[in-house]
Amino acid sequence: MEKIGTQEHVEGNLEEGTTITSLEHTNNEEFDHQRSKLLNRRLDIRIIPLCCWLYLLNFLDRGNIGNARVLNSETGDDLLQKTGMGPAGYSITVTLFSIAYTLCEVPSNWIMKHYVRPSVWLATLLGCWGALTLGFAGVQNYVSVVVLRLLIGVFEAGFFPGIVYVITIWYRHDERAIRIALVIAFCNLAGAFGGSLAYGIGHVNGAGGLEGFRWLFIIEGAITMFSVLPTLFILPDYPARSKFLSADEKSFAVDRLKERGGGYNREHATRKEILETCFSPRMLGHYCAYIANVVCQASFTFFTPTIVTGLGYESIQAQLMTVPPWVVGFVIAIALSYSADRFNARGAHITVVSVIGGLGWLTAGLLPSTAFTARYCCLCLGAIGAFPTAPSMTNWVTCNTPSFRAIGIAIAIHNSSAGIGQIIANWIWKSSEANEGYPTGNFVCAACNFFVAIVALSLRLWYGRMNRKGVKDARGEKRVWSY
């Protein structure tokens, strides 16, 4: 791969002689915002639906192992029994996926920023993990499961931070969260769709001489592979190089991103900017809070069928009963992200829903294991504190990085910390506690939600103090820190 050019803004390379009419040059704020909205409508049609669909596939292929774990277990045709993998082996497999996920996110974003266009890089990652998902249909032993799952973690790792980075290239700081929310919300739909699909496939177990879980991987892997070419040809890379915008529109798309960062910047961050992005106390607070949040997210991703089975449902019916919590998470995620951006109150919103989620997990842990209906309602409350906070937490990081040149690094570190949360989640849902209602898993998730609430409230107060004192960023430039 050939490295892209010198240190400069791509957005500055507009066609020589570009002219903009006096109306387009106007400083009228109302008109400027109106024009920005019109541009966003075009971008939303071109970028967001595709990103939402691709992240749905990303999450579907990430969580399908949780469905395969219990699918048709009554007949001995689930993934664990057919590959000789026990519960501990399953946890080790998912842990290795999480380790690969953690280690590969930062390098992936680095490659995409400096060496490969976003459309090409994301399409490559998509094709690689889609092929590996198809390969899961042929697993016969534990070793093959571990190897394939590890490689899927390598290629899936850079996908979501890559999508977030694409959004920062095209949208202003106060326009990102709702769009990130739409993308992340589709992981909730992926959970709902994955459960419904597994429910249907469970009824054709044995068709063509294949177990239901093998058909699950074939269907989901094929859908992913069919999405590679649309990604390559539809997803736009940078405003200055877009073919669907006129020269004037390119200029406006670039200029509107200059406030509070955004756009594509080839410049490398300085050592000071990188160190502050990685290790400053407030950034560590963001990363640690996201680790705790992902413990709850990963519990839904990898263990919802297991948890629901523990509520008294059989394996096939359990797939269907995983759907409502995901739907609740989807609705809350959209509403919360819009409101958090609209009122510049990300910290407050994260705090409130995290407390609600914590109370849901805590109550589920305290209830008798036989209180199935009440515990299922608590699972829905837990969903409120899991995925809905992720978009605002991610956008909060992009708005408050110590330097705009380090946004790509901050996104990658923030999302790679998810791997740590996934590792924790892999070990708290103990099979030996199934008859007790999984108290360890419930109480750990409750503690994590309450921790997120405390950190979010603390960061909100911290940024308020920074604004009052006029604290500058790592480059010595004035900043308005987002709440």
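Helix H2 (29-46), helix H9 (176-202) and helix H16 (323-342) each supply at least two residues to the lining of the largest pocket. Helices here are DSSP runs (H or I, at least four residues), numbered from the N terminus.

This is a predicted model, where local features need pLDDT of at least 70, side-chain atom pairs count only at pLDDT 80 or more, and totals for chains, interfaces and linings use all residues. Residues are numbered from 1 along each chain as its sequence is written, and side-chain values use heavy atoms, with hydrogens and water left out.

**The pocket**

The largest pocket holds about 480 Å³ of space. A pocket is an open set of points on a 1 Å grid where a 1.4 Å probe fits, with protein on both sides within 12 Å along at least five of seven lines; lining residues have an atom within 4 Å of a point. The volume is the space filled by probe spheres set on the points. Of its 14 lining residues, Asp174, Glu175, Ile178, Arg179 and Tyr338 are the closest to the centre. H2 gives the most, with five residues.

**The helix pair**

The axes of H5 (residues 87-114) and H7 (residues 142-156) come within 7 Å and cross at roughly 25 degrees. That makes H5 roughly parallel to H7 (angles under 35 degrees). The crossing is right-handed. Contact (heavy atoms within 4.5 Å) involves residues including Leu96 and Phe97 of H5 and Val145 and Leu150 of H7.

**Residue classes**

Asp, Glu, Lys and Arg count as charged; Ala, Val, Leu, Ile, Met, Phe, Trp, Tyr, Cys and Pro as nonpolar; the others as polar.

| Site | Nonpolar | Polar | Charged |
|---|---|---|---|
| Contact of H5 with H7 | twelve residues | three residues | two residues |

Conventions:
Axes fitted to C-alpha atoms, helices over the stretch in contact; angles between N-to-C directions. Parallel < 35°, antiparallel > 145°, perpendicular 65-115°, else oblique. Left-handed = near helix turned anticlockwise from the far one by under 90°.
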